[in-house]
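Student: I've got a protein on my screen and I'd like to learn how to read it. Can you walk me through it?

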Amino acid sequence: MCDHCEGSSRRAFLGAVGVAGIAALSGCLAHPPTGVVEHLPGPILDEVPHGPIPSAINEKTIVVPPTPPQNQWIPTDTALGQILPRSAWTTASPDSRHMMPMNGVKLITIHHSGDGKPFLGESIHDIARHLEMVRQFHRQRGFNDIGYHFAVDRVGRVWQLRWLKYEGQHVRPGRSGQRWNEHNVGIVVLGDFNLQTLPDVQQKKVIAFARYVREKYALPATSVKLHGELVDTDCPGKRLHTALAAARKEKLV
Ligand SMILES: [Zn+2]
């Protein structure tokens, strides 16, 4: 897991959720939790739980339930192809009492899962299991849910993770205290791209998907960032750094 991904928001803004285009993007409002505005958090939101905080996935502390059967979920069709819904990999809900509304999108940030070892899973089952492990790992670290909004797997599937109506937890605050998670869609590319190759289909999909999201929100190309361009981290790995540099040169992103 990308060890620099972090952060909840202490933002005082209490406005209603309003993310244009969200339903068309991913079907994120298909099962929106209720009561979010009534239960917004107090100023201790960024505090972490007592006790040790895991810095990497420990499979001994994580129990992965059976993968949801494929006849119990339906992918969302988009102009870019299908997006697999959250229900394809988990039945768990976020801790909605402490989730902050996204309230508009201004930035898109690309990560890798960066577990310090290659991740080569390709089947629906393998990916679903991995995502559930990441979700539990993030909950162990005190996050309210899996930190990212979308994942792109090794064979080019896009998965819905955190509901897009909620702010993510995928970039720690900057040195000047800048809260990078605000209005920031987090896309994680599954794998460690300092250690493994980046399959062409996965590379093309993350570039195309980042562009798709930014066009949904009428954002400039400069709104698509790598994690390491916001804070000091090597995420998303050298191969994704190279891929995005080439895509920018060719105006693909
Ligand atoms: Zn990252």
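Student: What holds strands of a sheet together in general?

Tutor: Strands of a sheet pair through backbone hydrogen bonds, and the pairing is either parallel or antiparallel. Back in this model, His-112 of strand 3 (residues 107–112) has Val-189 in strand 6 as its bridge partner.

Student: Which residue of strand 6 is the bridge partner of Val-152?

Tutor: That's Val-189. Strand 4 and strand 6 are a parallel pair too, with 3 bridges.

Student: How many strands does the sheet have, and in what order do they lie?

Tutor: There are 7 strands in an open sheet, ordered 1-2-5-4-6-3-7, and the pairing is mixed. At the edges you find strand 1 (76–78) and strand 7 (224–226), each of which pairs on one side only. On average, neighbouring strands here are turned by 30° against each other, ignoring direction.

Student: How does strand 7 pair with strand 3, parallel or antiparallel?

Tutor: Parallel, over 3 bridges. To find the spot, look for Ile-110, which stands opposite Leu-226 in strand 7.

Student: Why can strand 6 be called largely enclosed?

Tutor: Count the buried residues, meaning those under 20% relative accessible area. In strand 6, 6 of the 6 residues are buried, so the rest of the structure largely encloses the strand. You can check each face: Asn-184, Gly-186 and Val-188 lie on one side, Val-185, Ile-187 and Val-189 on the other, and all are buried.

Student: Which strands does helix 3 lie across?

Tutor: Helix 3 (residues 200–216) lies across strand 1, strand 2, strand 3, strand 4, strand 5, strand 6 (184–189) and strand 7, and makes about 170° with strand 6.

Student: At what angle do helix 3 and helix 4 cross?

Tutor: Roughly 55°, and their axes come within 11 Å. Helix 4 covers residues 238–249. The two helices are therefore oblique to each other, and their crossing is right-handed. On the helix 3 side, Gln-203, Val-206 and Ile-207 make the contact, while helix 4 brings Leu-240, Ala-243, Leu-244 and Ala-247.

Student: Last one: how much of the prediction scores a pLDDT of at least 70?

Tutor: 79% of the residues do, and the protein averages a pLDDT of 82. Residues 7–50 are a part to watch, with pLDDT below 50; the stretch still has 98 contacts in the model beyond near neighbours in sequence.

Definitions and conventions
Residues are numbered from 1 along each chain as its sequence is written. This is a predicted model: local features need pLDDT of at least 70, side-chain atom pairs count only at pLDDT 80 or more; totals for chains, interfaces and linings use all residues. Side-chain values use heavy atoms; hydrogens and water are left out. Two strands pair if DSSP finds at least two bridges between them. Helices (H or I, at least four residues) and strands (E, at least two) are DSSP runs, numbered from the N terminus. Axes are lines fitted to C-alpha atoms, for helices over the stretch in contact, and angles run from 0 to 180 degrees between N-to-C directions. Contact means heavy atoms within 4.5 Å. Buried means under 20% relative accessible area, exposed over 50%, partly exposed in between (1.4 Å probe, protein chains only). pLDDT is the predictor's confidence in each residue, from 0 to 100. Angles under 35 degrees count as roughly parallel, over 145 as roughly antiparallel, 65 to 115 as roughly perpendicular and the rest as oblique. A crossing is left-handed if the near helix is turned anticlockwise from the far one by less than a right angle, and right-handed if clockwise.
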